[in-house]
Amino acid sequence: MGRRAAALSKVLAWVRRRSAKVKTLLATAFALCALLALKLLVKNHAHFFIVSEAVHFAGILVLIYKLTTQKTCSGLSLKTQELTAIFLAARLCCSYSMENNIHTFLDFLTLLSTLWVVYMIRFKLKSTYVAELDNMPLYHVAVPSATLAVLIHPYTHHARLARILWAFAVYLESVSVLPQLRMIQNTKMIEPFTAHYVFALGVARFLGCAHWIIQVYDSAGKYLFLVGAGYIWLPMVLLAEIVQSFILVDFCYYYVKSIVNGQLIVSLPSPV
């Protein structure tokens with residue numbers, strides 16, 4: 001086990017010394033290999049979304065454990081939790097009227113857990129919350145998401161408001177982690193439980209993105225044109241998934257690097 005960790009640490013150190021272009025190529029190659037492995041190992045690709053939602057819920061449970069045992073919310077972005085609650089509430093409304101299945105149940109559990117986290121940060125542990133570091137305005141991500149949802153949403157037999165809410169949830173979820181990442185950049189490091197939560201978000205988004213990419217590949221691109229006038233909706237969903245995956249990939253790299261090196265706190269490099 002020690003030899004494997006040492007070897008992986010050397011590989012990560014080698015990657016760190018490469019240029020940004022080489023790092024991008026390596027990350028792309030790794031993602032393609034992971035997608036191929038998922039395609040070969042998982043027969044029912046619809047399970048990707050279930051696992052993705054379960055991983056997100058598990059990440060919230062990690063935060064609950066942190067808040068309960070350590071009695072501090074330091075390092076946590078209240079704004080990311082509020083954005084998460086908003087898109088989960090919107091998605092839950094759509095899921096209840098359109099699907100009402102396991103996805104609805106998982107969204108309900110995750111929403112309740114997220115609201116509890118928001119309550120703890122706002123009231124019970126308010127003295128440990130550093131608002132100055134959590135400085136990204138909510139409207140910077142909420143307003144563009146709402147505007148895009150009105151313009152581009154699925155065209156199904158459901159009510160128009162439900163379809164717009166569905167699109168809003170998709171767009172807002174793709175950027176909801178930005179306040180947390182801004183807070184991490186402000187502090188230059190992140191304590192373990194918050195790091196586990198953000199990494200869980202990265203894994204969840206990769207699984208969601210994998211579902212769409214594999215579906216598009218298996219259908220030779222026809223899957224993109226199943227729903228939506230002008231064939232815009234599903235490509236936008238895929239784009240939203242890819243955007244959030246790329247937003248989180250840099251953090252996930254430093255998370256893995258810190259874990260391999262046996263560090264409890266994830267440290268980020270200072271911008272050049």
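Residues are numbered from 1 along each chain as its sequence is written, and side-chain values use heavy atoms, with hydrogens and water left out. Because the model is predicted, local features need pLDDT of at least 70 and side-chain atom pairs count only at pLDDT 80 or more, whereas totals for chains, interfaces and linings use all residues.

The chain has ten helices and two strands, where helices (H or I, at least four residues) and strands (E, at least two) are DSSP runs numbered from the N terminus. Along the sequence these elements follow the pattern α-α-α-α-α-α-α-α-β-α-α-β. Of the 272 residues in the chain, 45% are buried; here buried means under 20% relative accessible area, exposed over 50%, and partly exposed in between (1.4 Å probe, protein chains only).

Five salt bridges are present in the structure, a salt bridge being a side-chain nitrogen of Lys or Arg within 4 Å of a carboxyl oxygen of Asp or Glu. One of them joins Lys66 to Glu191, with the closest N and O atoms 3.2 Å apart. This pair links distant parts of the chain, 125 residues apart: Lys66 is in helix 3, and Glu191 is in the loop between strand 1 (189–190) and helix 9. Lys66 is buried, with a relative accessible area of 0%. Glu191 is also buried, at 16%.

A further salt bridge is formed by Arg91 and Asp107, whose closest N and O atoms are 2.8 Å apart. Arg91 lies in helix 4 and Asp107 in helix 5, so the pair ties together parts that are 16 residues apart in sequence. Both Arg91 and Asp107 are buried. In the salt bridge between Arg205 and Glu173, the closest N and O atoms are 2.9 Å apart. Since Arg205 belongs to helix 9 and Glu173 to helix 7 (residues 160–175), this pair ties together parts that are 32 residues apart in sequence. Arg205 counts as buried because its relative accessible area is 6%, and Glu173 is buried at 8%. Arg91, Asp107, Glu173 and Arg205 are linked in a network of salt bridges.

Rolling a probe the size of a water molecule over the atoms shows where empty space is left. On a 1 Å grid over the protein atoms alone, a cavity is a set of points where a 1.4 Å probe fits but cannot get out, and lining residues have an atom within 4 Å of a point. Grid points are joined across faces, edges and corners, and a volume is the space filled by probe spheres set on the points. A search of the whole structure finds one cavity of 30 Å³ or more, and the volume of the largest cavity is about 80 Å³. Its lining consists of His56, Thr80, Thr84, Phe87, Glu173, Ser176, Val177, Tyr197, Leu201, Ala204, Arg205 and Gln244. Helix 4 (78–98) and helix 9 (192–218) are the elements that give two or more residues to this lining. Helix 9 gives the most, with four residues. By class, the lining has five nonpolar, five polar and two charged residues (Ala, Val, Leu, Ile, Met, Phe, Trp, Tyr, Cys and Pro count as nonpolar, Asp, Glu, Lys and Arg as charged, and the others, Gly among them, as polar).

Gln244, one of the lining residues, is placed in helix 10 (residues 233–260). Gln244 is buried, with a relative accessible area of 4%. Leu201, another residue of the lining, has its C-alpha 7.1 Å from that of Gly59, although 142 residues separate them along the chain. Gly59 lies in helix 3 and is buried, with a relative accessible area of 2%.

On the surface, Phe108, Leu112 and Leu115 form a nonpolar patch with about 270 Å² of accessible area together. Patches are made of residues with over 30% relative accessible area and no salt bridge; like charges are joined within 9 Å, and nonpolar side chains (Val, Leu, Ile, Met, Phe, Trp, Tyr) within 5 Å. Accessible areas come from the Shrake-Rupley method with a 1.4 Å probe, and for residues only the protein chains shown count as cover. Leu115 is in helix 5 (residues 102–124) and counts as partly exposed at 43% relative accessibility.

Lys71 is found in the loop between helix 3 (47–70) and helix 4. Although Lys71 is not a glycine, its phi is positive, at about 55°. Lys71 counts as exposed because its relative accessibility is 53%.

Technical notes. 1 Å grid on protein atoms, 1.4 Å probe; cavity = no way out; pocket = protein on both sides within 12 Å on 5 of 7 lines; lining within 4 Å.
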